[in-house]
Amino acid sequence: MKKPIFYHDTDCGNVVYYANYLKFFEEARTLYMAEKGFSVPALMARGLYFVVARQEVEYKYPVRYADVIDVSTKVLEVSDIKIVFENIITNQNGRLCTKGKTTLVCVNQAGMPSAMGPEVKAAMAPAA
């Protein structure tokens, strides 16, 4: 996912505010799932909700206003109730800026862990 960095993404030092990387990761995950055939609203209509259970972020190099970043997404692990995503952010020069790992857990409307179903699990399976 290519994304230009706007002024509102940055802090007073003209560097992307640290928490905004989580938004970038979420946007990339949402697009990744859509490319696999699953929209978030459609999953919610089926009673499947994905919540963040764990988040890791490594800040390697600053991203600044007017940079254009590339947020790559892949699945590292999948089980009946969990998907572990990895995100890598590079800038327009290909420099590694940020790495993240997000663990999502599938829950039902009551917030209890719930199997995501074999078709979702198969589609999210890591590439060999």
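These legends describe views of a predicted model.

**View 1. Fold of the protein.** The protein has three helices and five strands. Helices (H or I, at least four residues) and strands (E, at least two) are DSSP runs, numbered from the N terminus. From that end, the order is β-α-α-β-β-β-β-α. The radius of gyration (over C-alpha atoms) is 16 Å, close to the 14 Å from the globule rule (2.2 Å times the number of residues to the power 0.38) for 128 residues, so the protein is as compact as a globular protein of that length. The C-alpha trace spans about 45 × 35 × 20 Å along its principal axes.

**View 2. Surface and contacts.** Of the 128 residues, 34% are buried, meaning under 20% relative accessible area (1.4 Å probe, protein chains only). Contact means heavy atoms within 4.5 Å. Among contacts between residues at least 6 apart in sequence, 65% join residues at least 24 apart.

**View 3. Aspartate 9.** Aspartate 9 lies in the loop between β1 (2-4) and α1 (20-35). Leaving out residues up to four places away in sequence, aspartate 9 touches Lys3, Pro4, Val15, Val16, Tyr17, Asn20 and Phe24.

**Notes.** Residues are numbered from 1 along each chain as its sequence is written, and side-chain values use heavy atoms, without hydrogens or water. Local features need pLDDT of at least 70 and side-chain atom pairs 80 or more, while totals for chains, interfaces and linings use all residues.

Methods
Buried < 20%, exposed > 50% of the residue type's maximum accessible area, 1.4 Å probe, protein only.
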